[in-house]
Every structure is written in C-alpha cells, then in structure tokens.
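Me: Got a structure here that I'd like to go through with you. Can we take the contacts and charges in turn?

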Amino acid sequence: MTTEEYRPLKDLDLNNARNKNESYEDYRKRLKQNSEIIKLYNTLGLDAFKEMFPNGIGEALKNSAEEAYNENEKNEKENA
C-alpha cells in the first residue's frame, strides 16, 4: 500500500524573485497572495488546512480562477 504525502502548498510559486515574463502588478499580487496563504496555513495548522483543501491550495486556486472566468463569460453572453 502506498501513501502519498500531503503537500498543501504544491503548485504555488513561493519564489520571492520576480519571474521573467511577470508584470510588476502580477508580481505584487502573487507576493500578497502567498503571504495571505502562509498566514492562513500558520493560523489553522496542517490538519485544518488539509480538511479545507484536500488537493492542496494550488488546485483550489486554479478551480476558483476557472469558475470566475466561466461566470464572467456567462455574464457577457447574457448582456450581449
């Protein structure tokens, strides 16, 4: 039986350096988002974080972005 190790911060770019193709505004947003995620993790602890985000925070953020995009497209079609 194999058990996968839970990695809550998987798929996050925690590097403090600005990426090559990243605008300054995106860089600042990423740093602020990372800071808030780390603060939440430190406040709640591993067990609560694992319960809230069973597949890790990276997947939760990706799903959230997809939902926002789909909702935005739906609103644009309704207003057209």
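Me: Leaving aside neighbours within four places in sequence, what is Ile37 in contact with?
Reply: This is a predicted model. In it, Ile37 contacts Leu9, Leu12, Phe49, Ile57 and Leu61.

Me: Which residues make up the largest nonpolar core?
Reply: Six residues: Tyr6, Leu12, Ile37, Phe49, Phe53 and Ile57. Nonpolar side chains tend to be buried together in soluble globular proteins.

Me: And on the outside, which residues form a nonpolar patch on the surface?
Reply: Leu40, Leu44 and Met52. Together they have about 240 Å² of accessible area.

Me: Where is Leu44 found? Buried, partly exposed or exposed?
Reply: Leu44 sits in helix H1. Its relative accessibility is 36%, so Leu44 counts as partly exposed.

Me: Switching to charges. How many salt bridges does the count come to?
Reply: Three.

Me: Start with Arg30 and Asp13. What is the N to O distance?
Reply: The Arg30–Asp13 salt bridge has 3.7 Å, N to O. Arg30 is in helix H1 and Asp13 in the segment before H1, so this pair ties together parts 17 residues apart in sequence.

Me: Is Asp13 buried or partly exposed? What about Arg30, buried or exposed?
Reply: Asp13 has a relative accessible area of 29%, so Asp13 is partly exposed. Arg30 is at 10%, which means buried.

Me: Where does Glu22 come in?
Reply: Glu22 lies in the segment before helix H1, which spans 24–44. The side chains of Glu22 and Arg30 meet in a salt bridge at 2.9 Å, N to O.

Me: Is Glu22 buried or exposed?
Reply: Buried, because its relative accessible area is 11%, and the cut-off is under 20%. Both Glu22 and Arg30 are buried.

Me: What does Glu22 touch, not counting residues up to four places away in sequence?
Reply: Tyr27 and Arg30.

Me: Which residue forms a salt bridge with Lys32?
Reply: Glu36. The closest N and O atoms are 3.2 Å apart. The two residues are four apart in helix H1, so Glu36 and Lys32 are separated by about one helical turn.

Me: How are they placed, buried or exposed?
Reply: Glu36 is partly exposed at 45% relative accessible area. Lys32 is exposed at 53%.

Me: Last topic, backbone. What is phi of Asp11 near?
Reply: Near 70°, a positive value in a residue other than glycine. Asp11 lies in the segment before H1 and counts as exposed, at 63% relative accessibility.

Terms used
Residues are numbered from 1 along each chain as its sequence is written. This is a predicted model: local features need pLDDT of at least 70, side-chain atom pairs count only at pLDDT 80 or more; totals for chains, interfaces and linings use all residues. Side-chain values use heavy atoms; hydrogens and water are left out. Buried means under 20% relative accessible area, exposed over 50%, partly exposed in between (1.4 Å probe, protein chains only). Contact means heavy atoms within 4.5 Å. Patches are made of residues with over 30% relative accessible area and no salt bridge: like charges are joined within 9 Å, nonpolar side chains (Val, Leu, Ile, Met, Phe, Trp, Tyr) within 5 Å. Accessible areas come from the Shrake-Rupley method with a 1.4 Å probe; for residues, only the protein chains shown count as cover. A salt bridge is a side-chain nitrogen of Lys or Arg within 4 Å of a carboxyl oxygen of Asp or Glu. A nonpolar core is a set of buried Ala, Val, Leu, Ile, Met, Phe, Trp, Tyr and Cys residues joined through side-chain atoms within 4.5 Å.
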